[in-house]
Amino acid sequence: MALAMLSLASVSPSASLSLQENFKTNWKSGTSSLINFLGSDFSKTKSYTRTSMTVAVKVSRFNDITMAPPDPILGVSEAFKADTNEMKLNLGVGAYRTEDLQPYVLNVVKKAENLMLERGENKEIPYHLLDLNVLYLPIEGLAAFNKVTAELLFGADNTVIQQQRVATVQGLSGTGSLRLAAALIERYFPGAKVLISSPTWGNHKNIFNDARVPWSEYRYYDPKTVGLDFDGMISDIKAAPDGSFVLLHGCAHNPTGIDPTPEQWEKIADVIQEKSHIPFFDVAYQGFASGSLDEDASSVRLFVARGVELFVAQSYSKNLGLYAERIGAINVVCASSDAAARVKSQLKRLARPMYSNPPIHGARIVANVVGSPELFNQWKEEMEMMAGRIRSVRQKLYDSLCAKDKSGKDWSFILKQIGMFSFTGLSKTQTENMTSKWHVYMTKDGRISLAGLSSAKCEYLADAIVDSYHNVK
Ligand SMILES: Cc1ncc(COP(=O)(O)O)c(C=O)c1O
């Protein structure tokens, strides 16, 4: 009988593997083994032979995989869920909530879904509607969605659309669309750098890192003024190698809530053109900055009007509340329709081995809402309502801070910022106090999502901010 005896201290994954081999051999040759690989990590078993004890071993093949840290944004929601304090407030993730702090399903989305049901666009498909792509969508996504999403962004009458100079591919929301563009950059612009604002949305760096695209930062936020470091931004964009990609937040910059003025956008465009850089817009909040879908696309349209080739990643997570549908698009504006066709073919080629083709439900909702004048108007009204609610809590938070803080600190930056977020300027230790003492959950960079704040909680939040700002260093 084959015996195996192990000293606990000497067990290593490779030792366990060779034992496993030994076990197989013995099994085949008709002998029995006392090593039981199915026990808990390490357990002692009795031997029926002269040897008094053997050790059963189960060592994972994944031992070298370390625990990943929680995501800095989504991890905040996990911590919030675990907190049982009734005053708790989740201002981490940028997701719109009602005054009762409930998630909001837009009425226009419900209407579109009802229409889709009535038309049989969901499950029961009449034979004559079989051309509605009821099986897989094509790699580039739903044609009706791709058409309206580009129109929403550039304007339906824009020459780039009329001349078919836009390569639009439906993506897995904003993140997936950014990732697809990053893959295109990695493949066709090897070594080209992407310039990212400092600070930026936490996932941008992950996206370019995972796509193996080098990036560096340009100055954006000035802590002294809690405003835009415009000169720093311009000089960093100028200093970058010609032909770099410049990642720009189309509107409602995340996390700062600070956007360039129209005049500053013109100057940014001048420098980008001088340097032959390629602008790469991330438009995740169209409608949330000003309340107007058109106005919020003006930065992108300004560059398009100058005839610049550019990328735009779009997301419908926030403005249509379609967070979990994962619906968005990557648009590449090209100098010719021929270039657009080639770029589109390569985007499809990159998407195919990543996820093959995108999901249909969100695409149909967007196609129905944007494609119908009645639903589109209703969406605009709801968009204004959501943006208006955020503006009103922004004002109330500012009023409460001014009323409670007698130190003379100027809180007016809160009113100057726009969109879903406010960048409070609180340090990491101050944000930790916000959470540990006040149960206010926010990202460690000092960002709060006003979309998750109600009027009723403004005073409480102001107390928490004043305490953290003045009493924690
Ligand atoms: C700046 C920015 N870009 C892109 C996204 C992507 O979001 P999603 O993948 O949900 O569309 C977000 C989401 O928070 C964002 O803030």
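These legends walk you through a few close-up views of a predicted model. Residues are counted from 1 along each chain, in the order its sequence is written. Because the model is predicted, local features need pLDDT of at least 70 and side-chain atom pairs count only at pLDDT 80 or more, while totals for chains, interfaces and linings use all residues.

**View 1. The shell around the ligand.** Here 13 residues surround the ligand, each with its C-beta atom, placed from the backbone, within 6 Å of it. The closest are Ser173, Gly174, Thr175, Ser315 and Ser317. Helix α6 (residues 173-188) gives the most to this shell, with 3 residues. Helices (H or I, at least four residues) and strands (E, at least two) are DSSP runs, numbered from the N terminus.

**View 2. A cis peptide bond at Pro199.** The bond from Ser198 to Pro199 is cis, with omega near 5°. Look for Pro199 in the loop between β5 (194-198) and α7 (203-210).

**View 3. The loop between β9 (245-249) and α9 (262-274).** Pro255 lies in this loop, and a cis peptide bond with omega of about 20° joins Asn254 to Pro255. Ala252 is also in the loop between β9 and α9. Although Ala252 is not a glycine, its phi is positive, about 50°. Ala252 counts as buried because it has 27 C-beta neighbours inside 10 Å (buried: 20 or more other C-beta atoms within 10 Å of its own; exposed: 12 or fewer; partly exposed: in between; C-beta atoms are placed from the backbone).

**View 4. A positive phi at His439.** His439 is not a glycine, yet its phi is positive, about 60°. His439 sits in the loop between α15 (428-436) and β14 (440-441). With 18 other C-beta atoms within 10 Å, His439 is partly exposed.
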